[in-house]
Amino acid sequence: MDKVLSSSNVTDELQNDRTVERLMLSFLTTVQCCIFFYINAIMLFTLRSKTVFCETSRYVLLFNLLFADSIQMVTSQLLYILAACLIRLTYPVCGFLNVIGVLTTNISPLTLVVMSLERYVAVCFPLRHAAVITTRNTGLAIFAIWAFSFFSSLIQISLVDFPELENLQMKEVCSGLTVFVGPLSDTYDRAFTCLLFVSAGAAIIFSYIGVTVAAKSASTDKTTSQKARHTLLLHLVQLGLSLSSTLYTPILTALSRTVIRIVLVRVQIVLYVWFFILPRCLSALIYGIRDRTIRPVFFYCLCCRLTISVFPAKGYK
């Protein structure tokens, strides 16, 4: 009897330790997510604080990119907390959250393509840039991006093998793997992701080559073309960061065969922050520091409207 009680106490202690660890890890990732979300929110506020940002196509597209990344960040963190706390949702709620995640994930590479083409037109066709890249056309491009992503999400949902359910309550924690079940849905997801990122990469590389060739022309502004090339390289890096999230599941699947569960959970936290949270914030930081027009306003807003000597905020009060 004593042995049974002792074994029960040890089991309870292990469960308590695991619960405490899950809560601590959830707290740490939530704090990081809140910090990154705050930075994104400041950048979004910055891009709506001045008329020049609201009427310039590349800044409007940047706003769309950051808006989608912020939604993706919040959705991912919410799903992570629910899974860490072993909270089971209903299938409709879980499906809705995962559809938002898939939708916003597709927004990033498509927006980067449009931003790259905008830089290509600005350098290679400077006389036609003002007529082609208008605020109205930019709005139509953003609408097309969201519509295309939404349509793709609907196709993936239609290919899911819906099981016969006695009730809508899930027996497992909510994730994409428990919602988008079925060989057709999985195949479509892989094919669409591959096609999307290959096409986006090709479009960015094409824009970079076009800008490089145009830079050799005597009529092209060398400074503008150099800045455009650096921007396109930055877009290519951003595309790689967006693509990194697709490596999350394969890496975890491979590690699950070689490491124990507790190690897998800890590695999962690192990969989650590295692949999902950090890339969603880098765009705001890179553009906030790199762009000379955004930089003073961004740091002014980031520092709660306190004037700092390194980045003077004259004219933004």
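**Entry 1: chain pattern**

I read along the sequence and found the pattern α-α-α-α-α-α-α-α-α-α-α-α. The tally is 12 helices and 0 strands. Helices here are DSSP runs of H or I with at least four residues, strands are runs of E with at least two, and both are numbered from the N terminus. I note that this is a predicted model, where local features need pLDDT of at least 70, side-chain atom pairs count only at pLDDT 80 or more, and totals for chains, interfaces and linings use all residues. Residues are numbered from 1 along each chain as its sequence is written, and side-chain values use heavy atoms, with hydrogens and water left out.

**Entry 2: whole chain**

I looked up the accessible surface of the chain, about 17800 Å². Carbon and sulfur atoms hold 69% of that surface. Such areas come from the Shrake-Rupley method with a 1.4 Å probe; for residues, only the protein chains shown count as cover. Of the 317 residues, 41% are buried. Buried means under 20% relative accessible area, exposed means over 50%, and partly exposed lies in between (1.4 Å probe, protein chains only).

Next I checked contacts (heavy atoms within 4.5 Å). Among those between residues at least 6 apart in sequence, 76% join residues at least 24 apart.

**Entry 3: the core**

I turned to the largest nonpolar core, which has 47 residues. Such a core is a set of buried Ala, Val, Leu, Ile, Met, Phe, Trp, Tyr and Cys residues joined through side-chain atoms within 4.5 Å. Leu 47, Leu 62 and Ile 294 have the most contacts inside this core. Helices that each supply at least two of its residues include H1 (2–46), H3 (57–84) and H4 (91–124). H11 gives the most, with 11 residues.

I followed Ile 294. Leaving out residues up to four places away in sequence, Ile 294 touches Met 43, Thr 46, Leu 47, Phe 53, Tyr 59, Leu 62, Tyr 287 and Gly 288. Ile 294 is also one of the buried residues of H12. That helix is mostly covered, with 7 of its 9 residues buried.

**Entry 4: a surface patch**

I found a nonpolar patch on the surface: Ile 205, Ile 209, Val 213, Leu 233 and Leu 236, together about 420 Å² of accessible area. Helices H8 (183–215) and H9 (222–244) each supply at least two of its residues. H8 gives the most, with 3.

Patch residues have over 30% relative accessible area and no salt bridge; nonpolar side chains (Val, Leu, Ile, Met, Phe, Trp, Tyr) are joined within 5 Å, like charges within 9 Å. A salt bridge puts a side-chain nitrogen of Lys or Arg within 4 Å of a carboxyl oxygen of Asp or Glu.

I checked Ile 205, which lies in H8. Ile 205 is partly exposed because its relative accessible area is 43%.
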